[in-house]
Amino acid sequence: DFKKSKNEFLRRTDNCDHIFYLIFTKWSSHITLEAYAYIRHIKIESIYGELIGEDWKNNWTLGSNICNIKNTPDGRRQINEDCSIRIIDFSDINVAVKTLEDHFFNVAVPFFEKYSSLDEIDKLYNEPPFDEIPVLVQRTLSEQCMKGLIVAKMVKRKNYKELVRTFDNSI
């Protein structure tokens with residue numbers, strides 16, 4: 001039940017928006033398509049938006065390009081690979097459509113299913129190691145810390161005070 005807009009497909013659930021986002025780039029010799037998947041946890045982003053005085057509706061909680069999602073089973077490690085789709089001539093269109101379909105059904109949908117729960121979001125934001133930002137979080141350190149504390153409070157994390165100290169020392 002995804003609704004299509006200009007360059008994205010959006011599904012709203014009770015708690016989250018699931019966004020499959022496409023970037024089309026026209027080059028002199030070809031067209032490039034890049035696919036991204038994002039989860040916007042509505043409660044986390046609305047609290048975050050209130051704290052920083054920003055419209056939360058354009059923020060996202062987790063996400064990345066399809067390659068990062070596909071290649072990082074734990075959501076933390078960055079494995080660089082180019083998953084962009086190149087259309088050089090008309091014969092490439094069918095392959096591009098099949099590839100986008102694969103990206104959507106075999107990468108984005110499982111990502112949405114796995115990471116839409118507060119517990120999974122909490123694990124990515126609030127479990128060590130803290131010396132690098134998980135690839136699916138991909139935010140600034142201060143944003144990771146603030147959203148991490150928001151979700152920690154929401155799941156009633158027992159080590160909340162320790163997290164505050166850890167994040168405070170990180171920033």
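Cys67 and Cys83 are both buried, where buried means under 20% relative accessible area, exposed means over 50%, and partly exposed is anything in between (1.4 Å probe, protein chains only). This is a predicted model, so local features need pLDDT of at least 70 and side-chain atom pairs count only at pLDDT 80 or more, while totals for chains, interfaces and linings use all residues. Residues are numbered from 1 along each chain as its sequence is written, and side-chain values use heavy atoms, with hydrogens and water left out.

Let's stay with that pair. A disulfide joins Cys67 to Cys83, with the sulfurs 1.6 Å apart; the cut-off for such a pair of cysteine sulfur atoms is within 2.5 Å. By that rule, the count is one disulfide. The link of Cys67 and Cys83 is right-handed, with 95 degrees about the S-S bond. Helices (H or I, at least four residues) and strands (E, at least two) are DSSP runs, numbered from the N terminus.

| Residue | Relative accessible area |
|---|---|
| Cys16 | 1%, buried |
| Cys145 | 2%, buried |

Now for the nonpolar cores, which are sets of buried Ala, Val, Leu, Ile, Met, Phe, Trp, Tyr and Cys residues joined through side-chain atoms within 4.5 Å. The largest one has 31 residues, and Leu62, Phe111 and Leu136 have the most contacts inside it. Among the elements giving two or more residues to this core are strand 3 (16–26), strand 4 (31–41), helix 1 (42–52) and helix 3 (93–115). Helix 3 gives the most, with nine residues. Leaving aside neighbours within four places in sequence, Leu62 is in contact (heavy atoms within 4.5 Å) with residues including Ala37, Ile39, Phe111, Ile121 and Leu136. There's also a second, separate core of five residues, including Cys145, Leu149, Leu163 and Phe167.

Helix 5 (141–154) is worth a look too. Its 14 residues reach 20 Å from first C-alpha to last, close to the 20 Å expected at 1.5 Å a residue; that expected span is 1.5 Å times one less than the number of residues. Among the buried residues of helix 5 are Glu143, Cys145, Lys147 and Leu149. What covers the buried residues of helix 5 includes helix 1, helix 4 and helix 6 (160–170). Just after helix 5, Lys156 takes a positive phi of about 55 degrees.
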